[in-house]
Amino acid sequence: MPLVWWKARLTWIEVDFYLVADVNDEMVSELVRTLYANKTVLTNAYGVFTRFDPQAMVGDSKVPYHPGAIKAYKKLGLWLWTES
């Protein structure tokens, strides 16, 4: 089972999420959108999220992004590439 990658970039801490390729696209897309939309809730639950920048969730990676993450990033206007 190949791994796919998506990233939540924090200002001082970078957290990479690795998911197996067969995780449902809609589930991954919803996870990305939920992280993006809920910085305040996440920060209240766990203070390190004060450093989380939802606008910086996409970056270069040698591991391919999950199709569901790409879908969400495109919808959010964060996807940096025209191909895919």
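Where in the chain is the place of His66? I looked this up and found His66 in the loop between H2 and H3.

**Entry 1: The model.** I note that this is a predicted model, in which local features need pLDDT of at least 70, side-chain atom pairs count only at pLDDT 80 or more, and totals for chains, interfaces and linings use all residues. Residues are numbered from 1 along each chain as its sequence is written, and side-chain values use heavy atoms, with hydrogens and water left out.

**Entry 2: The chain.** I find three helices and two strands in the protein chain; helices (H or I, at least four residues) and strands (E, at least two) are DSSP runs, numbered from the N terminus. The pattern along the sequence reads β-β-α-α-α. The protein chain has 84 residues, of which 33% count as buried; buried means under 20% relative accessible area, with a 1.4 Å probe and protein chains only. I also looked up contacts, meaning heavy atoms within 4.5 Å. Of the contacts in the protein chain with a separation of 6 or more, 52% are between residues 24 or more positions apart.

**Entry 3: His66.** Is His66 buried or exposed? I record His66 as buried because its relative accessible area is 0%. Its side chain reaches the backbone nitrogen of Gly68 at 2.9 Å. Gly68 is itself one of the buried residues of H3.

**Entry 4: Thr43.** I next turned to helix H2 (residues 39–45), where Thr43 has its place. Thr43 counts as buried because its relative accessibility is 19%. Leaving out residues up to four places away in sequence, Thr43 touches Phe49 and Thr50. A polar atom of the Thr43 side chain lies 3.3 Å from the backbone oxygen of Phe49.

**Entry 5: H1 against H3.** Two packed helices are described by the angle between their axes and the distance between the axes. How do the axes of H1 and H3 cross? The axes of helix H1 (residues 25–37) and helix H3 (residues 67–76) come within 7 Å and cross at roughly 45°. H1 is therefore oblique to H3; angles under 35 degrees count as roughly parallel, over 145 as roughly antiparallel, 65 to 115 as roughly perpendicular and the rest as oblique. I note the crossing of H1 and H3 as right-handed. On the H1 side the meeting residues include Val28, Val32 and Tyr36, and on the H3 side Ala69, Ala72 and Leu76 are among them. The residues of this contact divide into eight nonpolar, two polar and five charged; Gly counts as polar, and Asp, Glu, Lys and Arg as charged.

**Entry 6: H3 and beyond.** Which residues of H3 are buried? I list Gly68, Ala69, Ile70, Ala72 and Tyr73. Ile70 is buried because its relative accessible area is 12%. The C-alpha atoms of Ile70 and Trp81 are separated by 9.9 Å, and these residues are eleven apart along the chain. Just after H3, I find Gly77 with a positive phi of about 75°.

Notes: Buried means under 20% relative accessible area, exposed over 50%, partly exposed in between (1.4 Å probe, protein chains only). Axes are lines fitted to C-alpha atoms, for helices over the stretch in contact, and angles run from 0 to 180 degrees between N-to-C directions. A crossing is left-handed if the near helix is turned anticlockwise from the far one by less than a right angle, and right-handed if clockwise. A polar contact is a pair of N or O atoms within 3.5 Å; within protein, one must be able to donate a hydrogen and the other to accept it, and residues adjacent in sequence count only if both atoms are side-chain atoms.
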